[in-house]
Structure formats: C-alpha cells, structure tokens
Amino acid sequence: MNKKTIRDVEVRGKRVFCRVDFNVPMEQGAITDDTRIRAALPTIRYLIEHGAKVILASHLGRPKGKVVEELRLDAVAKRLGELLERPVAKTNEAVGDEVKTAVDRLNEGDVLLLENVRFYPGEEKNDPELAKAFAELADLYVNDAFGAAHRAHASTEGIAHYLPAVAGFLMEKELEVLGKALSNPDRPFTAIIGGAKVKDKIGVIDNLLEKVDNLIIGGGLAYTFVKALGHDVGKSLLEEDKIELAKSFMEKAKEKGVRFYMPVDVVVADRFANDANTKVVAIDAIPSDWEALDIGPKTRELYRDVIRQSKLVVWNGPMGVFEMEAFAHGTKAIAEALAEALDTYSVIGGGDSAAAVEKFGLADKMDHISTGGGASLEFMEGKQLPGVVALEDK
Ligand SMILES: Nc1ncnc2c1ncn2[C@@H]1O[C@H](COP(=O)(O)OP(=O)(O)O)[C@@H](O)[C@H]1O
Ligand SMILES: O=C(OP(=O)(O)O)[C@H](O)COP(=O)(O)O
Ligand SMILES: [Mg+2]
C-alpha cells in the first residue's frame, strides 16, 4: 500500500479524528455481531498506547440526514468500552458545542465516540462545511473505515482535504490482503454476489465479468435477474429500473465465456416473517403474492459444486434472509461449502455476510473476512476507493 499509515506520523498529544465503520447489524437496539468493532481495535489501541486523544466517528444504517433514535451509537460505545476495558465517552452530536467541550476535556489516551455522522445531511453530500467542522475538532485524520471507503462522504473523504490524513491498520490490512488475492487470481475464480443493496451492487457486475470465470447470483439481487429472464418474481426484492442492465450482463457473460449461475429454485414465503408459510418452488413458478427469501435446495447443491471446483472465491452478500432461521439454509450452505473446500482461497466481504459466517461458527475456516461488502466489490472491480485516494501518499 502506498499510503501513509499511523505508523508514519506522530500521534502523541494530538487530537486524532479516526473514521471507523461501526455499522454493525442490530436487532431491537442490541448489536448482533461486533466483528466490525473488534476489527478496529488494533488501530484504536495503538492510538491510545501512543498518547493520542482519540475521537471516533462512524455511521450506522441509513438515517438519510435526520436523527433516528434507533440509530444512535450508544450501544456501540458501550460495546467498545467493554472490548477496550476502559471508558468510552459518547456525545449526542457529531459536531457543535457539546462535541467541542468533550474534545477539550480529552487527555492523552482518552477515547470519545461521536454520534452517527449520517444524522447530518452534509455527510453523504460530502458538504465541505461539515468536513471542515469535523476537521476543526482534530490535528490528524485517520481513516480505518474500509467498509465505507467506497463512499465519498464528509467523514470519509471531505475531511481529508483539511487535515494530514493517513490510514489505520484495518484499512492497511484489507487493501493488502484483497490486493494480493486479486492481483493475479488463482483460477477458476468465482464471485458470489447476493444481499439486499441491489442498486449499489448490481453495477459492479459489469467489470467483474472481465475478471471472473464464474459468477453466482443469489440473495435479494437475484430477482432483478429472474425478472429479466421474463419470470414473475411476486413480492420479491426487485429494482425495476435495473432489469435492462441485468439483461445486458447476462448477454455479456455469454460473450465473455463467463459461467453465470442463477437460482433454479427458491424458498418463498407468504410474508416477511420467520413463521410465515413457506414452500420451495422452481424459479419460474414464484406465486404472485409470495416473496422469495432464500435459494432452494437444488440451487444450494449447484452452488456448492461450483465452489468445490474453484481455486478462489470472493463472496459478498447473503443468499437469503439468514437473520431468520427459516431462510438461513442457503447462506449456511455457501458458508459450509467454503469451509470444506480446503483448496479454495475464500474471501468473504460485508457487514452482514461476515455476521452470517460468524453466526454459523465458521469464521475461522475462512481465509479472509473483509469488513467491507460494497467496498470490497468496488476494490475488486478495479475502482479507486475515494476514502483511500484522499489519504497521503508515502
Ligand atoms: N431474498 C432476499 N430478500 C430480501 N432481503 C434479502 C434477501 N437475501 C438476503 N437479504 C438480506 O440482505 C442483507 C444483507 O445485504 P448487504 O448489506 O448487501 O450484504 P453485506 O452486508 O454482506 O454486504 C441481509 O440483511 C439479508 O437479510
Ligand atoms: O455496511 C456497509 O456495507 P456492506 O453492507 O456492503 O457491508 C458499510 O458500512 C457501508 O454502508 P452503506 O452501504 O450504507 O454506505
Ligand atoms: Mg450490509
């Protein structure tokens, strides 16, 4: 990596604004997976031990520029305090007088977590005024939020224009490990893409088709492709305005000789609930008032076989709504296949995919678990990540 890191600068006595990705999965106010918090600990501990005044900032969810009570970071501050075994102060704002006072009070080695930066409309707009307000709190900017490095937001990109800016250890490690796996990939190289962020992720397929031998589609992403093939998807997740794009990707795959795998059967439910009525149907037989929430048993077998024959698999996005037991089988089957395929280098990416693998107890069987989903996909496509570009070169 050609970017400066916290090792290359003096942090002692400095106020350090450290952007982390604490966008953890939550259920009813409780953190269901703390992988992303644990992943940032090496950087935070280094800053503490080297006498920095640590100001942490993160987003949580997508509050769209407004205060959403359930998306406050209090539970995150509490969990971080437990992991660090020291107090973590928390403000109810990310800029303003309360924050300035809290920062003034920091001693060397103290840790402060700011409120969700996405409560401010300027964050996602990369508003220079908000970026400057963040920068005024600190002497140094550290970006350790690999999972948000594909976003050019005020706290991930804008702020770097107003402060000396370096990478944290997680950012460094992610770029190194992913870079190594993808620079000269072992083949057959398979990408598996699923999850719910269809709008964000469907676009990466274009460039991926230039790189992979096999492309497997699952999760909520699949149904835009199913629709593109002319089948009814009922109430399943669908991006109407991406259907044509999905069609063009299937044609491109054919031209490029990339094997394109889609679900052949799915688990449908009569409502979005663990105790819904469910049944397995063929991909061209989704009932119009049901929704597909997982891949079916035939698809699981098909995808397992592809994984077994691959030397490198990069997987982002669950195959179904794994948070509910009834729709976790597809995601679990993929995780198990990767765990069993000892000859296959496995890279899992994404906050929710990492949580799934952790939940199944298979995390230590994977070669690399990336904290970034969208970020690792964009990195894999060959795109420059704005949160990285903004940092100082070595
Ligand atoms: N068929 C589906 N319908 C609706 N949501 C789905 C479906 N399959 C997976 N999901 C949801 O996708 C979410 C994760 O998506 P995403 O954030 O894109 O993945 P990651 O965090 O791994 O990058 C999970 O919460 C899961 O419930
Ligand atoms: O959870 C994240 O990405 P992921 O779901 O692709 O793993 C990151 O925190 C980025 O969040 P965003 O997609 O709302 O910008
Ligand atoms: Mg996610």
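Predicted model: local features only at pLDDT ≥ 70, side-chain atom pairs only at ≥ 80, totals over all residues.
Residues are numbered from 1 along each chain as its sequence is written, while chains are lettered from A and ligands numbered from 1 in the order in which they are written.

The chain is divided into domain 1 (6–170) and domain 2 (177–381), with bounds that come from an automatic or database domain assignment. The centres of the two domains, taken over C-alpha atoms, are separated by 31 Å. Their contact takes 15 residues from domain 1 and 10 residues from domain 2, two residues being in contact if their C-beta atoms, placed from the backbone, lie within 7 Å. On the side of domain 1 that touches domain 2, the largest share, 3 residues, comes from helix α1 (residues 35–39); helices (H or I, at least four residues) and strands (E, at least two) are DSSP runs, numbered from the N terminus. That side of domain 1 divides into 7 nonpolar, 5 polar and 3 charged residues, where Ala, Val, Leu, Ile, Met, Phe, Trp, Tyr, Cys and Pro count as nonpolar, Asp, Glu, Lys and Arg as charged, and the others, Gly among them, as polar.

Ligand 1 is surrounded by 20 residues, of which G195, A196, G350, D352 and G373 are the closest; a residue is near a molecule if its C-beta atom, placed from the backbone, lies within 6 Å of it. The elements that give two or more residues to this shell are β14 (291–295) and α14 (351–359), and the largest share, 3 residues, comes from α14. By class, the shell around ligand 1 has 6 nonpolar, 11 polar and 3 charged residues. Around ligand 2 there are 14 residues, with N23, G350, G351, G373 and G374 coming nearest. The shell around ligand 2 divides into 1 nonpolar, 7 polar and 6 charged residues, and draws at least three residues from each of domain 1 and domain 2.

The axes of helix α12 (residues 297–308) and helix α13 (residues 329–340) come within 9 Å and cross at roughly 20°, the axes being lines fitted to C-alpha atoms over the stretch in contact, with angles that run from 0 to 180 degrees between N-to-C directions. That makes α12 roughly parallel to α13, a term applied to angles under 35 degrees. The contact is made by R300, Y303, R304, I307 and R308 of α12 and by H329, G330, A333, I334, A337 and L338 of α13, and comprises 6 nonpolar, 2 polar and 3 charged residues.

Most residues other than glycine have a negative phi, and most peptide bonds are trans. K64, which is not a glycine, has a positive phi of about 55° and lies in the loop between β4 (53–57) and α3 (74–84). The peptide bond from R187 to P188 is cis, with omega near 0°, and P188 lies in the loop between α7 (169–183) and β9 (189–193).

Key:
Parallel < 35°, antiparallel > 145°, perpendicular 65-115°, else oblique.
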